[in-house]
Every structure is written in structure tokens, then in C-alpha cells.
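Notebook open, model loaded. I wanted the overall form first on my list, but pairing terms need settling before anything else.

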Amino acid sequence: MKRTGLARSDLDLNLLQVILAIHDAGSVMEAAKQLGMSQPGLSTALQRARTALGDPLFVRVAKGIEPTARTRKIVGPIRSILDSVNKEVIKSDDFDPKAYTGELALVLTDVGEATLLPHVVNYLVAHFPTAIRTQMPALSELHKAMAEGTLDFALGYFPDLHNASYRRAEITTTSYLCILSSSHPIREGGISLAQFERYGHVDVDLKTHSRLLLDDYLASRGIHRRVQLRTRHFMSIPAIVAATDLIATVPASVVSGLGLGASLRIARTDFPVPSFESSLYWHASMHLDPRNRWLRQVLAPQLRKAAKKTPLL
């Protein structure tokens with residue numbers, strides 16, 4: 001059959017569908033009905049397929065039409081191609097968490113792991129029976145891993161992710177509280193600016209965004225915090241503060257997770273301090289992914305529900 005100008009690259013998926021429909025129906029008229037096309041329209045598409053492949057594809061016989069040898073050879077691969085496109089490209093498969101065997105990978109600071117994660121673990125274990133992994137990579141590694149889908153979500157306060165590459169669902173807005181000993185010279189009520197600057201402080205020396213936000217805020221207003229002890233661990237704060245006259249200024253979410261006893265009390269400052277949003281972040285490239293969508297539709301409401309139950313938040 002003489003080629004007349006179309007190249008094989010002109011054989012698009014629609015033409016493959018036409019070839020398969022005619023083959024299975026054994027009739028141009030019946031294939032047109034199945035595809036919702038007019039018979040002339042289908043005949044035109046068939047002619048395009050014949051031209052692109054350089055083969056008549058179907059020939060007329062006494063009982064109707066028969067596929068050529070070329071058509072019999074290619075109909076299997078065409079069926080496989082169209083099935084794959086339909087399953088993997090066109091259809092957005094529902095995610096079945098019970099059948100999933102991979103991990104849920106979350107980016108969390110140690111604060112977030114202690115205060116946010118406990119609220120969702122039981123629900124996830126019950127509805128998503130697979131491993132949950134948390135980590136806190138460097139920012140450059142975080143961007144790459146979330147774009148590739150090897151990390152699913154970042155949970156907490158990540159202002160570096162407030163850009164077009166990421167989507168987020170706000171969980172709660174929180175501020176800072178002070179923890180001090182119940183026997184501290186500041187006996188009742190809030191802490192004045194003069195008291196805040198007079199007494200010593202214990203500081204959690206981690207490069208978290210929430211800590212940097214507070215440091216920058218205080219510095220911009222000329223508020224001095226006399227740090228007498230620096231520690232790397234939030235969990236040691238209750239024991240340190242209970243035994244000293246030091247003040248710890250930490251995110252309210254941290255306070256809610258520390259389980260403070262009678263030897264400690266919580267105080268707000270009498271002067272303004274900043275607040276920040278804790279959010280669930282995911283990469284924009286994963287927004288329509290069925291698994292990612294299922295997970296965030298589960299995580300966000302559970303986290304918001306937990307935040308509402310925590311008075312300090």
C-alpha cells in the first residue's frame with residue numbers, strides 16, 4: 001500500500017483504539033457504535049491508520065471484513081498498550097491502605113515528633129498497617145526527597161516550604177509559653193518584661209525554625225534573654241526548671257507534650273511574643289497521587305482534632 005504523507009508518528013492512541021474496535025467487532029458499523037462515532041468518521045480514522053502503517057489492516061470478504069496478517073500480528077500489542085494506558089494513565093486508581101506494604105515517611109523535628117505524632121499513631125496503625133518512619137534531613141535533601149516521593153510529608157513549622165513547589169494544610173497556630181518552678185520568685189500571674197530580662201533562662205540549643213523565630217523576634221525588639229544554660233533536649237527541661245530559678249520559653253505545643261507536674265507552673269508573658277503555624281506539607285508533584293491524597297485526608301483532620309483538645313494550643 002502506497003504511503004501518502006503521514007508518518008508512523010501520526011499513529012496516535014485514538015487510531016490504535018479504532019483498529020482494536022474494528023478487529024473485535026468484526027464490522028466498521030458495529031465498531032462505530034461502540035466508540036460513539038459516526039460510520040464516516042470511523043472510516044476516515046481507519047484510512048489514517050492504514051496510511052500511517054502502510055497496510056490495509058482489514059480486507060472485505062464475503063461475510064464482511066477480515067484482519068490482514070499485519071493486523072493479526074499487532075492487535076495483541078495494541079490491546080496491551082491501551083490496557084496499560086487505561087489503568088496507569090487515564091484511571092486514577094483508588095488507594096487501598098490495607099494492601100499497601102511500603103512506609104509512611106514523615107519529616108518532623110524532635111518537637112513535632114514528641115507533640116504531634118502521638119495524636120495520629122493509633123489511627124494510622126489501625127488504618128494503615130505498615131511502618132511509619134520519621135526523619136529530619138538537611139533542607140537540600142528534604143526538597144529532593146519530597147519531589148521524588150521518598151518523603152511523604154513535612155509536619156510542623158517549615159517556612160522554607162512556603163513556596164509554589166509545595167502545598168500545605170494548616171493544622172494549628174501556636175505561640176510561646178514560659179515554664180518555671182512552682183517555687184520560683186515569680187509567684188503568680190504572667191511574666192513582665194523586666195522579670196523576663198532579670199532572671200536567667202535555659203535554652204534548647206537547636207536550629208529549629210520556631211527557636212530562630214523567637215530569637216529574631218526578641219532581638220528585633222531589643223529584648224534580652226540572659227541564657228545561663230543551653231541544652232539539646234526538650235525532655236530535660238522539666239527537671240532542670242523544677243530544680244532551679246531558670247525560665248524556659250518554649251512553643252506551647254512542647255509544653256502540652258512534656259507532662260508537667262506539681263513542681264512546675266506555666267506562665268504567659270505580659271508582653272507580646274510571636275505565633276506561628278504548624279502545617280502538613282507535601283510536594284506539589286504529589287498532589288494528585290492517590291496514596292498521598294488518602295494520607296493527607298486522614299492526617300490533617302486527626303491533627304486538627306488533637307489540637308482542639310489541647311487547651312494550651
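I count two strands as paired if DSSP finds at least two bridges between them. Helices (H or I, at least four residues) and strands (E, at least two) are DSSP runs, numbered from the N terminus. With that settled, I looked up Cys 178 and found it opposite Thr 249 in S10.

Ground rules, for the record. This is a predicted model, where local features need pLDDT of at least 70 and side-chain atom pairs count only at pLDDT 80 or more, while totals for chains, interfaces and linings use all residues. Residues are numbered from 1 along each chain as its sequence is written, and side-chain values use heavy atoms, with hydrogens and water left out.

**Overall form**

I got 12 helices and 12 strands for the protein. The radius of gyration (over C-alpha atoms) came out at 32 Å. A compact globule of 313 residues would sit near 20 Å, by the rule of 2.2 Å times the number of residues to the power 0.38. The C-alpha trace spans about 105 × 40 × 30 Å along its principal axes.

I then checked burial, where buried means under 20% relative accessible area with a 1.4 Å probe, protein chains only. By that cut-off, 43% of the 313 residues are buried. Next I looked at contacts, meaning heavy atoms within 4.5 Å. Of those with a separation of 6 or more, 77% are between residues 24 or more positions apart.

**Around S10**

How many residues of strand S10 are buried? Five of the five, residues 247-251, so S10 is largely enclosed by the rest of the structure.

I followed its neighbours. Strand S7 (residues 176-181) runs antiparallel to S10, joined by four bridges.

Which strand else pairs with S7? I found S11 (residues 264-267), antiparallel over four bridges, and Ile 179 has Ile 266 in S11 as its bridge partner.

**A buried Asn**

Last, I looked up Asn 292, found in helix H12 (residues 290-308). Asn 292 is buried, at a relative accessible area of 2%. Leaving out residues up to four places away in sequence, I have Asn 292 touching Asp 152, Phe 153, Trp 282 and Met 286.

Definitions and conventions. Buried < 20%, exposed > 50% of the residue type's maximum accessible area, 1.4 Å probe, protein only.
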